[in-house]
Amino acid sequence: MQRYILRRLLLTIPALLGVTILVSAMVRLLPGDAVALMLQEYNSYAQDAEDLRARLGLNKPFHVQYLDWIGGIARGDLGNSLRDQTPIRDELATRLPVTLELGLLGLLISLLIAIPLGVYSAVRQDTISDYLARSGAIAMLAIPGFWFGTLAITLPALWFKWTPPLRYTRLSEDPGKNLGQMILPAVILGIGLSGSLMRLTRAQMLEVLRQDYIRTSRAKGLNERATIFRHALRNAIIPIITLLGLQMAVLIGGAVVLESIFVLPGMGRYLLESLNSRDYPVVQAIVLIFASMIIMVNLVVDLMYAWLDPRIRYS
Amino acid sequence: MAKIPTRLATYRLTRRTLILGSLAAFATACGGADTSAPPQSSGAPQSSSGAQASIAPTAAPKAGGTLIIRQWTGDPPDLDPFLNVTFRAQEFAGFFYSRLLKFDAGPGTQPNSFIPAPDLAESYQISQDGLTYTFKLRANAKWQNKAPLNGRAVTSDDVIYSFERFRKVSPQKGNLDMVKEVKAPDPQTVVFTLNNVFAPFETTIASPMLWIMPKEVIEADGDARKRVIGSGPFIFDRFEKGVQVVAKRNPDYYFQGTPYVDEVALLIVPEEATAVAGVRAKSIDISGLTASDRKAVGTSDPDIKILEYPQNQLYFMYWRLEAPPFNDVRVRQAVSLALDRDEIISVLWEGTGYPNSALPAGLRSFYLDPRSAAMGPNAKYFKRDVEGAKKLLADAGFAGGLKVPLIASLNAYGNTFNQSVELVIKQLKDAGITADLRPQDYSAYISSTFLGKFDPGVMVWGLETPYQEPHDYLYNMYHPKGGRNHGGVNDTKLTEMIEKQATTLDKAARKAQIDDIQRYLGEQQHYVMGVAGNTVIATQPWVKNFFYETDYGRGGEYVPKLFLDGKK
C-alpha cells in the first residue's frame, strides 16, 4: 500500500510539471498582456509600457520566465501578482478556505440529495416517484449554475427584499453569519452536482439489487433497510465515489461562477480576475493548486476503494 | 444646444408622472445643507470659483451611520494611485488623499460639469500670461493622525514631493509635461510654472491623478501600497480583497464637520444582478444601474431614487484614414448618414439618449448638439438619410455597395454595447454597406486595434476612454501626437485648431473654438460618432444631500457631503 501511494505521489510530479508548462504557455498565447491592460484606462505611453514590462520581467523569453517561476515554486514561493505585486501565497491563504468551504458544503449537499434520491428511485423503479426523481435529475443536470444562481439572488430580493449578506464574513469570525452567506451558493452547487450522482446511484443500485447476494439476504429474512443500505449501497458506492472524484473539476467551475454572483472572495473569482488581467503568475499558481487538488482527491478516491471493498488490495 | 436634463427622480410608471415625480423629488433632494461647500478662490484675474448656486436647506445634516456603496466590479489593483493608472486605483485614492483642486459637487452643479474647485488649495491665482499658477494651501490641512505622519500639517513641500514622485513613477506622468517647474516659496504656497500656456491646466490639476502623498510612508516603505495615510476625508481602515474597502471618518478633515457618515463600505460586487438585488433588498445605499435595470427597479421599488445624467462616453466608428475606402470623406459621411441614432436611443436606452458630436453629451459644458442649428449645415450628417448615403457611396465609386470587415470587442463593454453592434450592422446594411463582424477578444482589442494597429479598410466600432476635458478627447483622438489617434488622423487645419484652443485662456473664446472644431469634424467625419444614453445611479431614500459629480473623485467630492437619515 505504501509503495502504491509513493508511486502515485511520484507520478504526480511529471503530471503537475506538464500542467505548469501547458498553462504557462497557453496563458501567454492569449492575445494581449498584463501591461497593455494595466495602461488601458489612460493614455498609454510606449516607453512607459516598455519600462513596466521590463520591471515585471515580461520582456524575458518564455522559457526564462517559466524557469524563474518554477524555481520559485520549488522553493515554496508562488511569486507575486503582476497587478499589485502582492505575494500570491498570502492571497491564496485567504481565498483557498472560502472555495474549500463552498466546495465541501456543495459536495455534502449533493450527496445528501443524490444518494437518498438515487436509492429511493431505484427501490421504486418505474413508479411515479421514480419518474419524478429522474426528471428532477435531468433538470439538475440541464440548468446552468449561473442561471440558477442569478435567479436565486434576484427573486428573493424582488419578492421579499432579501439577499444573502453581500459583505463576506469569515467562518472564524462568525460561523452563523458565514453559513448564512454560504448556504445558498452551496445548495446551488450541490444541486448542480447531484444530477449525475443521483442517476449513477440509481443505475448502480438497480444493478446491485438484482445480484444473488441481495436475494440471499432477503431470503434469510434480513430487513429491507439493512439490505439496501448495508449490502446494496455499499457495493454500489465505488463508481459513485469515482464520479465524486471526477466532479472536482465541475465543482471548481461552479465555484468560479457562484463566487462572483454571491460575492464570495474565493479562488474562483481570483482566477477569473487574474485571467482577465493576464496576471500570468497568479493564473499559473491557481491552476497548479487546482490540478494538485484534483490529483490528490482522485488518489484519495482510489485509496477509498480498498476501504469500501475489502477485495481490493494495492500491492 | 440639446436640452440635457439631469433627473433625480422617484420613478413612476408613466413618463408624465416620471417627470412630475422628478421635479418634486429633485426639489426635495436639493434640500440638504451643504455646509462643506468650499470657499471661493481669492481674487485672481482668472481664478475659478468653488461656489455654486445655493438652495436653502430644509433639513440639518445628521452625523453617523455606515454608507454602503457598490463601488467596483473587481478589486482596485493597487493601493498606490501613482503606480497604477486604472480608475479603480484613482477612485480608491479619492477617499483618502487630497488634491490641490477637485471637481465641484453640490446643489446647482450638474453631474459631470467638471468645474475645478478648491480642495487642499484654499485658493489659487493665475498670472496674466497664463504661465504661472499659485496655490495657497489650507492652514488647517493635516495628515491623518496615524504614524508616522501623526497629524502634522500638510505643507507645500508635500505637494512638491508628490509632484516629483508623480513625474518619476506614474504611468500618467506625461499628463503634466507642460509643467516647467514647481516651487514652494513658503509652507503654504506652491507655484507651478508652465512651459507654455495650457488652458485646461486647472482641470488637469483637479483630475483624480496628482494626489498629495505621504512622504514619510513612501520613504520608509518604498511606495504607498502597504500603508494608506492621506489628508483626505476618510481614514483607511481595511481592504478585504474581493469583498470591500472600509473607510472611517477623518475627524480632522479640513472641511470642518464633514464627512457626515462615520464609515463608508465600498463593496466589490462583480455581477450586475447581485448589485440590483442589493439595491432592492436595501443592503446597498448607492449603486449604478443599467438602463434596463433602471426601469425594472423603478417599477418594483418606487421609493428608490434614480439619478440620471448623460453619459460621458463616446460610442464611435473608426478606421485607418490613410487608405481606401475611408480616406474618402464621402464614404465616411455615408456611414454617418446610414446610422439611425434615434433607433439606437430607442432600443438601447429606453428612448433617453443623445447623439454625440466629437464630444460626448456628458461633457455638458462643451458639447454641441450635432443635430441642432448651432451645428450649422453639417448637422445633416447626423440625421439618417439612406438615399443620401447611397448617393455618396456611388459618388465615391461604390455604387454597388461596400463590403467591409467590422471589428468589435464583444466581451468587454456589456450587453448595451453588444446590442449597439447589432443595430449598427443592420443600419449600415440598409445603405448598402455590408459589415462583416469580426469579434475580437478585449485584451487583443485594447492592445492592438484600439491603439490603431489594424488593417486599412476595416471598420471598428468601439468605446472611447472617458475624459474630463474636451482637450483630452480632441488631442488624444485627432492630434497626430495623440495617444488615442486610432485612425491616424493627420489633418493640418484640425491640428492647428486643437492647439489653438489649448492655449486660449478666455473661456468663452475657447468654447467658441471648440464649437468650431465640432462643426468641422461634423463635416470631416474622421470618426463617426454614435449616441450616448444616461448613466443611472440608484440611491436609497435615506441617502440625503446626494449631489453627484464624478465617479473617479467621488471620495473627496460628494461622499463627504451626504448624510443618512432614517437608515435602519
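What pLDDT does chain A average, and what share of the residues score at least 70? Keep that in mind as you open the file, for this is a predicted model. Chain A averages a pLDDT of 87, and 94% of its residues score at least 70.

**Stop 1: a stretch of chain A to treat with care**

Select residues 41-45 of chain A. Here pLDDT stays under 50, and the model has 23 contacts beyond four places in sequence for this stretch. Where pLDDT is low, the predicted coordinates should not be read in detail.

**Stop 2: where the chains meet**

Now show both chains and turn to the contact between them. Chain B brings 54 residues to this contact, and chain A brings 37 residues. Together, chain B and chain A bury an area of about 3800 Å², with 54% of that area coming from carbon and sulfur atoms. Next, pick out Lys241(B), Thr274(B) and Arg280(B): these supply 14% of the area that chain B buries against chain A, more than any other three residues.

**Stop 3: charges and polar pairs across the interface**

Select Glu263(B) and Arg167(A) and show their side chains. You will find them meeting in a salt bridge, at 4.0 Å from N to O. Across the interface of chain B and chain A, there are four salt bridges. The count of residue pairs in polar contact between these chains is eight, with both residues at pLDDT 80 or more.

To see which elements of chain B take part, colour these in turn:

- strand E2 (66-72) and helix H2 (87-96)
- strand E10 (244-249) and strand E11 (263-268)
- helix H6 (272-280) and helix H12 (442-447)

Each of these supplies at least two residues of the side of chain B that touches chain A. By class, that side of chain B holds 23 nonpolar, 19 polar and 12 charged residues.

**Stop 4: inside chain B**

Domain 1 covers 6-290 + 535-564, while domain 2 covers 314-532. Where they touch, 22 residues of domain 1 of chain B are in contact with 18 residues of domain 2 of chain B. These two domains of chain B bury about 1400 Å² between them, and carbon and sulfur atoms give 53% of it.

Which two side chains meet in a salt bridge at 3.7 Å, N to O? Select Glu202(B) and Lys507(B) to see the pair. One salt bridge is found across the interface of domain 1 and domain 2 of chain B, and three residue pairs are in polar contact between these domains, both residues at pLDDT 80 or more. Finally, the side of domain 1 of chain B that touches domain 2 of chain B has 10 nonpolar, eight polar and four charged residues.

Conventions. Residues numbered from 1 in each chain as written. Chains lettered and ligands numbered in written order. Heavy atoms only, no water. Contact = heavy atoms within 4.5 Å. Buried area = accessible area lost by both parts, 1.4 Å probe. Polar contact = N/O pair within 3.5 Å; in protein donor to acceptor, adjacent residues only side chain to side chain. Helix = DSSP H or I, 4+ residues; strand = E, 2+ residues; numbered from the N terminus. Nonpolar A, V, L, I, M, F, W, Y, C, P; charged D, E, K, R; others polar. Domains from an automatic or database assignment. pLDDT = per-residue confidence, 0-100.
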